[in-house]
Amino acid sequence: MRVFVTGASGWIGSAVVPELVKEGHHVVGLARSDASAGALTAAGAEVVRGTLDDLGVLRDAAAGSDGVVHLAFKHDIAFSGDFKGAGEADRRAVEVIGEALAGSGRPFTIASGTPSVPGHVATERDGHDPDPAAAARGDAQHVRAATAELALSLAARGVRSSVVRLAPTNHGEGDNGFVPALIGTARDKGVSGYVADGANRWSAAHRLDSAHLFRLALEKAPAGSTLHAVAEEGLPVRDLAEVIGRRLGLPVVSVPAADAGAHFGWLAGPLAANRAASSVLTRELLGWEPVQVGLVEDLEQGHYFA
């Protein structure tokens, strides 16, 4: 299968591309820099130069493919405070790719995030009713959920669309996400902290297991499928703080919710949220079984602290 991949040199994409190549797929990866192009070539992929804003490039590459995996997102401007702008660029890309694939029956798999559902563990059936007003304001969860719903709606237009919702932590060597940020905060503050009682839980998966799920989704997910790349349903954030504190030789402390913003900065909101999620339905549908180490074991291997 000729597969067009956006975000092909990113944290998840750099695992998805080798996963596809080793199974015999011909990968065409979007690259916005010479470094990204070089990494994709080394991984055995064909390179098309462009960015998420080059809609004509996206349209042509999608039209010339047998399937598309959309992983790109403007994380740089999202983390700088413009999540609305990042979300709008993401939506435009999905619209253009969807138009190129309409009526073809070809697969289109996009990345999104597991929802935060107060009171229970999120399943693949949750999170399908994003608040339009919240999305318009740039609320992160609702922005990405609205785009995911757009992708799923393409099933009615002859696209075998699916959404892979990623756990908040996709860990592994080279990770630059939430866990390294939490470790960096601990080093800066001299304590390893968690918010309130730290009982809220984060789901997790190793990025290689997530990459495997993207391949399965591309190859055989039914049109309109919502999938969860979740290996561990929920680890208490306090447990992560305790591992980090032990590895760094720092005290482990509770940070009151009122002080979380000052202590953790942008990380305060995600750190206090409950992001437990199940992947039971995904495993039943596609036979996906994670095989990589869990998050705590990965932390214990030491590479996060090198």
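These legends describe close-up views of a predicted model.

**View 1**
Helix α9 covers residues 207-220. At 1.5 Å a residue, its 14 residues should span 20 Å, and the end C-alpha atoms are 20 Å apart, which agrees. Because 10 of the 14 residues are buried, α9 is largely enclosed by the rest of the structure. Among the buried residues are Arg207, Asp209, Leu213, Phe214 and Leu218.

**View 1. The buried side of helix α3.**
In helix α3 (residues 55-63), Leu58, Ala61 and Ala62 are buried. These residues cover an arc of only 100 degrees around the axis, which puts them on the same side of α3. The cover over the buried residues of α3 includes β1, β2, β4 and α5. An α-helix has 3.6 residues a turn, so residues three or four places apart point the same way.

The whole structure holds two aromatic pairs. The ring centres of phenylalanine 178 and tryptophan 202 are 5.4 Å apart with planes at 45 degrees, so this pair is tilted. Phenylalanine 178 belongs to helix α8 and tryptophan 202 to strand β9, so the pair ties together parts 24 residues apart in sequence. Tryptophan 202 is buried, at 1% relative accessible area. Phenylalanine 178 and tryptophan 266 have ring centres 5.9 Å apart and planes at 35 degrees, so this pair is also tilted. Tryptophan 266 lies in the loop between α11 and α12, 88 residues from phenylalanine 178. Tryptophan 266 is partly exposed, with a relative accessible area of 48%.

**View 2. Arginines over rings.**
Arginine 207 lies over the face of tryptophan 11, 4.3 Å from the ring centre. The charged end of arginine 144 sits over the ring of phenylalanine 73, at 4.1 Å from its centre.

Note on methods: Residues numbered from 1 in each chain as written. Predicted model: local features only at pLDDT ≥ 70, side-chain atom pairs only at ≥ 80, totals over all residues. Heavy atoms only, no water. Helix = DSSP H or I, 4+ residues; strand = E, 2+ residues; numbered from the N terminus. Expected span 1.5 Å × (residues − 1). Buried < 20%, exposed > 50% of the residue type's maximum accessible area, 1.4 Å probe, protein only. Arc of directions from axis to C-beta. Contact = heavy atoms within 4.5 Å. Phe/Tyr/Trp six-rings, centres within 6.5 Å; stacked < 30°, edge-to-face > 60°. Lys NZ or Arg CZ within 6 Å of the ring centre and 35° of its normal.
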